[in-house]
Amino acid sequence: MDFIGIIVICVIFAIILLVLLIILFTSIKIVPQADFYIVERLGRYRTTWKAGIHMLAPFVDKVVKKESLKEKVIDFPSQRVITKDNVTMAIDTVTYLQILDPQCYYYGVDNAIKAIENLVATTLRNFLGTKTVNDALTSRQDINMELTKTLDEAANAWGIKVNRVELKEISPPPSIQQAMEKLLQAERDKTARITEAEGYRESLIKRAEGESESMIKLANAKKEAQILEAQGKKEAVQLLLSSNINEKVLTWISLDKIDALANGNATKIILPPNLTSLASLMASFETIKDDKNNK
């Protein structure tokens, strides 16, 4: 074999070796974390690769789908919906979904994301078609839960888990918005008037309670004063009784009080009905007066 033949053989061997190395390196597949690869062999489903290093059989195996297992956030275009009271609204939705079964996801439906979008639109129209504008605006949480439940049941056959559906924005017509703003302003004015009336009522109640407490305290003070006065008189009487004061002194004190009443501003003087007793009383007074002068 001449030198040229040896060179040709070496080149061919090098080419073959290079091709084999290329095939080898292209057959080694590294699947990232949270991703999956769907592999077909001769046009039929073979397996699903998860994270790690895998070897692809040359010329017979083929990776037909690469996708992530992470939760997807899909903002679908605005949908026009007609409510139960014939009002057309534009509604934007956000769908949170996750692929649980890669095989069903790839082979269950052609373009699963597009299918989910159409399913969201039809479900939204069907559900809000039974609701009024006010229900759609005030029951957003209930609508989210109902949409999530319906979509999750339908998407389960495609290997997709619909975690939640959120109504991002509801845009009613301008006329409806103006009417709602007027209604809201009326409700605010009503609340303000009610609050003002309640405040006025509370102030009247507080004032009445204060006056009532003041009158009660004043009555208690008068009562205490009367009790103290009565106790004082009682103690004075007891003191007089305990002292050795004779009947003449007591009689003189009584006549002195009668004289004070006669000389005062009183318009009426009550005399004892027994004039004899009065005369006797006056005589006793004269006797006491004479004794006093003599002394």
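Select Ile 116 first. Not counting residues up to four places away in sequence, Ile 116 touches Phe 76, Thr 95, Leu 97, Ala 155, Trp 158 and Ile 160. Contact here means heavy atoms within 4.5 Å.

Before going on, note that this is a predicted model, where local features need pLDDT of at least 70, side-chain atom pairs count only at pLDDT 80 or more, and totals for chains, interfaces and linings use all residues. Residues are numbered from 1 along each chain as its sequence is written, and side-chain values use heavy atoms, with hydrogens and water left out.

**Colour by confidence**

pLDDT is the predictor's confidence in each residue, from 0 to 100. The chain has a mean pLDDT of 77, with 76% of its residues at 70 or more. Now pick out helix H8, residues 275-294: among the elements of the chain, H8 has the lowest mean pLDDT, 49, while S2 has the highest, 91. Helices (H or I, at least four residues) and strands (E, at least two) are DSSP runs, numbered from the N terminus. Where pLDDT is low, the predicted coordinates should not be read in detail.

Buried means under 20% relative accessible area, exposed over 50%, and partly exposed in between (1.4 Å probe, protein chains only).

**Gln 79**

Select Gln 79, in strand S7. Gln 79 is buried, with a relative accessible area of 11%. Its side chain reaches the backbone oxygen of Pro 77 at 3.4 Å. A polar contact of 3.2 Å also joins the side chains of Gln 79 and Arg 125. A polar contact is a pair of N or O atoms within 3.5 Å; within protein, one must be able to donate a hydrogen and the other to accept it, and residues adjacent in sequence count only if both atoms are side-chain atoms. Leaving aside neighbours within four places in sequence, Gln 79 is in contact with Met 89, Ala 90, Ile 91, Ala 121, Leu 124 and Arg 125.

**Glu 40**

Go to strand S2, residues 35-41, and select Glu 40. Glu 40 is buried but has no salt bridge; Lys 62, the nearest side chain of opposite charge, is 6.6 Å away. Lys and Arg count as positive and Asp and Glu as negative; His and the chain ends are not counted. The side chain of Glu 40 makes a polar contact of 2.7 Å with that of Tyr 107. Leaving aside neighbours within four places in sequence, the contacts of Glu 40 include Arg 46 and Asp 61.

**Salt bridges**

Select Asp 61 and Arg 46. They form a salt bridge, with the closest N and O atoms 3.7 Å apart. The pair links distant parts of the chain: Asp 61 is in strand S5, Arg 46 in strand S3 (residues 44-49), 15 residues apart. Asp 61 is buried at 8% relative accessibility, while Arg 46 is partly exposed at 35%. A salt bridge is a side-chain nitrogen of Lys or Arg within 4 Å of a carboxyl oxygen of Asp or Glu. By this rule the count is nine.

Lys 72 is buried at 17% relative accessibility, and Glu 67 is buried at 18%.

**Loops**

Most residues other than glycine have a negative phi. Select Phe 59, where phi is positive, near 70 degrees. Phe 59 sits in the loop between strand S4 (52-55) and strand S5 (61-68), and is exposed, with a relative accessible area of 75%.

Finish at Asn 111, where phi is also positive, near 60 degrees. Asn 111 is in the loop between helix H2 (102-107) and H3, and is partly exposed at 46% relative accessibility.
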